[in-house]
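Me: Could you walk me through this structure step by step? I'm new to reading these, so please keep the wording plain.

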Amino acid sequence: MLPIILGGEKVETEASVDVVNPANGQVIDRVCVAGREETKRAVEVAEEAFQEFSRLPLKDRTKILLRVADLIEEDREKLEVTLSKESGKPIRDARVEVTRAIHLFRSTAEEAKLILEGKTYRVDGYEYPPGNERRLVFSVREPLGVVGAILPFNFPANSFAHKVSPNIAVGNAIVVKPSTSTPITSLMLGEIMYRAGLPRGVLSVLPGGGETVGSEIVENRKVKGITFTGSTAVGVGIASRAVLTGKRIMMEMGGSDPIIVMKDADLGKAVDVSVRARFEYSGQNCNAGKRIIVHESVYHKFVQEFTRKVKSLKVGDPLEESTDLGPVISHNAVMDMERVVKDSIQRGGKVYEGSKPDHGFYFPPTVIENANLDMVAMRTEVFGPIAPIAMFSDVEEAVQMANATDYGLQASIFSSDVKLALKVARELKAGAVIINDSTRLRWDSLPFGGVGMSGLGSREGIRNTMLTLSEEKIVSVDLS
Ligand code: NAD
């Protein structure tokens, strides 16, 4: 049984959960779960440890981050296999995720020196307050305190890295709650953090329920900031409660990213990129291209090529090198997908299915032709391998379809007319618009997040997280 990590101590709790491999339904390991009491204790321990940790010179904190990156590299194979097993993510994609986590720890160490600087303010240009000519005004960046991090199931390594690494650079202490579907990778990374020299108490990794560990993190007044990644339904509830206890919030929530294919698009590229953007990790990425909107003049050709490609995808064991698609995360997710397909058929969709193994939580990669805005698949977030493809005749219609959702994470446009693509980009509700490339593009240093129901508060990204979860303190000295 795997213990929780409470401030650096491995603690066995009474309650536990089975972590199940979604590819075959077998138990990988049993993991202890924390409750409200352990979470309160972790916050107290973090608050104590923060006093000293926040005073550690930046060079010492970044040394820990660089050492973490090295240790992840040493343990990478074990991490990749564990990540693949608990999440059902194909091993090729699990490797990419672990590589990103390594880069993320290294990039944070590099960027912290520049981002965590203060400024000198030129105040002698202002009449008010009087006497500015005799003042020296500058600012310093200070840590926020104890931060709570709530992770989704789909990126156990990358989410951990995105939330933990910048906080360590800033000098915050952090309590992490991984998803109970994929807690083992986070526990392994937590253990690595301490092996890399993190002082006791600074980090806790507490697998546990949303209503227990999650709620305690959100409601505890000693926690000064929340960084959350997960669904919109859960995120908005957390945000409202977090604000009541005066927390700074970074809420990265769901997405239903559109891909618009114009009549002059490079169709081969648009098909290849869209298939990958929609079906990578069985469609369980926040910025997957979840709705495809294609010009009528190329619609049938696009659907034909797209479907041919989808049928050739290899769906199978995530640990096999040649697997393109593994399972979805749970039996519930399979049932959700069944409901989406049923709804699409009832509303006039024509369905094509790829193959799937008959054991485990698999759902076949599915294409829905004749998709329309009445369908659930065209308005909400479908977190699985279903690609609705809708037809448009003029650009306004494409924009209207793309924007017909409460979400606004990312969007893609395929066109050889860059000027037109830029005009459309201006009309789209999205945190990022990607021209002639995948909705899945993300640079870990840059702000990442969405508009509307895709994000609340500040956006994630190494630089942004450091800025959001630290304080700029202004200091004024009267030199007279
Ligand atoms: P989820 O919302 O079900 O769970 C996310 C986390 O919140 C889990 O750790 C869960 O235990 C916790 N939680 C649940 N109820 C809670 C409560 N009442 N209080 C506190 N915590 C609570 O999401 P999921 O299924 O794990 O992840 C998939 C979702 O995450 C999708 O909607 C996806 O789009 C989104 N996501 C967004 C991004 C992004 O950067 N925008 C990235 C990855 C995933």
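Reply: Let me start with a term we need: two strands are said to pair if DSSP finds at least two bridges between them. With that in mind, in this predicted model strand β6, residues 135–143, pairs with β20 in the antiparallel sense, over 9 bridges.

Me: Which residue in β20 is the bridge partner of Leu-136?
Reply: The partner of Leu-136 is Val-477, which belongs to β20.

Me: And what's the order of the strands in that sheet?
Reply: The order is β5-β6-β20, an open sheet of 3 strands with antiparallel pairing. Strands β5 (120–121) and β20 (470–478) are at the edges with a single partner strand each, so one side of each has no neighbour in the sheet.

Me: What holds paired strands together in general?
Reply: Strands of a sheet pair through backbone hydrogen bonds, and the pairing can be either parallel or antiparallel.

Me: What about the loop between β5 and β6, which proline sits there?
Reply: That is Pro-129, whose place is in the loop between β5 and β6. The peptide bond that leads from Tyr-128 to Pro-129 is cis, and its omega is near -5°.

Me: Let's change topic to helices. How many residues does α9 have?
Reply: Helix α9 has 13 residues, 267–279, and from its first C-alpha to its last it reaches 18 Å, which is close to the 18 Å expected at 1.5 Å a residue.

Me: Which residue caps its N-terminal end?
Reply: Asp-266 caps the N-terminal end of α9, with a side-chain oxygen that lies 3.3 Å from the backbone nitrogen of Gly-268.

Me: Which residues of α9 are buried?
Reply: The buried ones include Leu-267, Val-271, Val-275 and Phe-279. The elements covering the buried residues of α9 include the strands β12 (257–261), β13 (289–295) and β15 (366–371), as well as the helix α10 (296–311).

Me: And what comes just after α9?
Reply: Just after α9 there is Tyr-281, which takes a positive phi of about 45°, and this is a residue other than glycine. Tyr-281 lies in the loop between α9 and β13.

Me: Is Tyr-281 buried or exposed?
Reply: Tyr-281 counts as buried because its relative accessibility is 1%, and the cut-off for buried is under 20%.

Me: Which other residue has a positive phi although it is not a glycine?
Reply: Asn-370 is one of them, with a positive phi of about 60°. Asn-370 lies in strand β15, and since its relative accessibility is 36%, it counts as partly exposed.

Me: Staying with β15, how does it pair with β16?
Reply: β15 and β16 pair in the parallel sense, over 4 bridges, and Thr-366 stands opposite Ile-386 in β16. β16 also pairs with β13, again in the parallel sense and over 4 bridges, where the bridge partner of His-295 is Phe-392 in β16.

Me: How many residues of β16 are buried?
Reply: 6 of the 7 residues of β16 are buried, so this strand is mostly covered.

Me: OK, now the inside. Which residues touch the most other members of the largest nonpolar core?
Reply: Those are Phe-160 and Leu-203, in a core of 78 residues. Helix α4, residues 91–115, gives the most to this core, with 9 residues. Apart from it lies another core, of 33 residues, among them Ile-368, Ala-390, Val-399 and Val-424.

Me: Going back to Leu-203, what does it touch?
Reply: Leaving aside residues up to four places away in sequence, Leu-203 touches several residues, including Ile-5, Phe-160, Val-164, Ile-174, Met-193 and Tyr-194.

Me: One more residue: where does Ser-256 lie?
Reply: Ser-256 lies in the loop between β11 (248–252) and β12, and it is buried because its relative accessible area is 3%.

Me: What does its side chain reach?
Reply: The side chain of Ser-256 reaches the backbone oxygen of Thr-380 at 2.8 Å. Ser-256 also touches other residues, including Lys-290, Arg-291, Glu-381 and Tyr-407.

Conventions:
Residues are numbered from 1 along each chain as its sequence is written. This is a predicted model: local features need pLDDT of at least 70, side-chain atom pairs count only at pLDDT 80 or more; totals for chains, interfaces and linings use all residues. Side-chain values use heavy atoms; hydrogens and water are left out. Helices (H or I, at least four residues) and strands (E, at least two) are DSSP runs, numbered from the N terminus. The expected span of a helix is 1.5 Å times one less than its number of residues. Buried means under 20% relative accessible area, exposed over 50%, partly exposed in between (1.4 Å probe, protein chains only). Contact means heavy atoms within 4.5 Å. A polar contact is a pair of N or O atoms within 3.5 Å; within protein, one must be able to donate a hydrogen and the other to accept it, and residues adjacent in sequence count only if both atoms are side-chain atoms. A nonpolar core is a set of buried Ala, Val, Leu, Ile, Met, Phe, Trp, Tyr and Cys residues joined through side-chain atoms within 4.5 Å.
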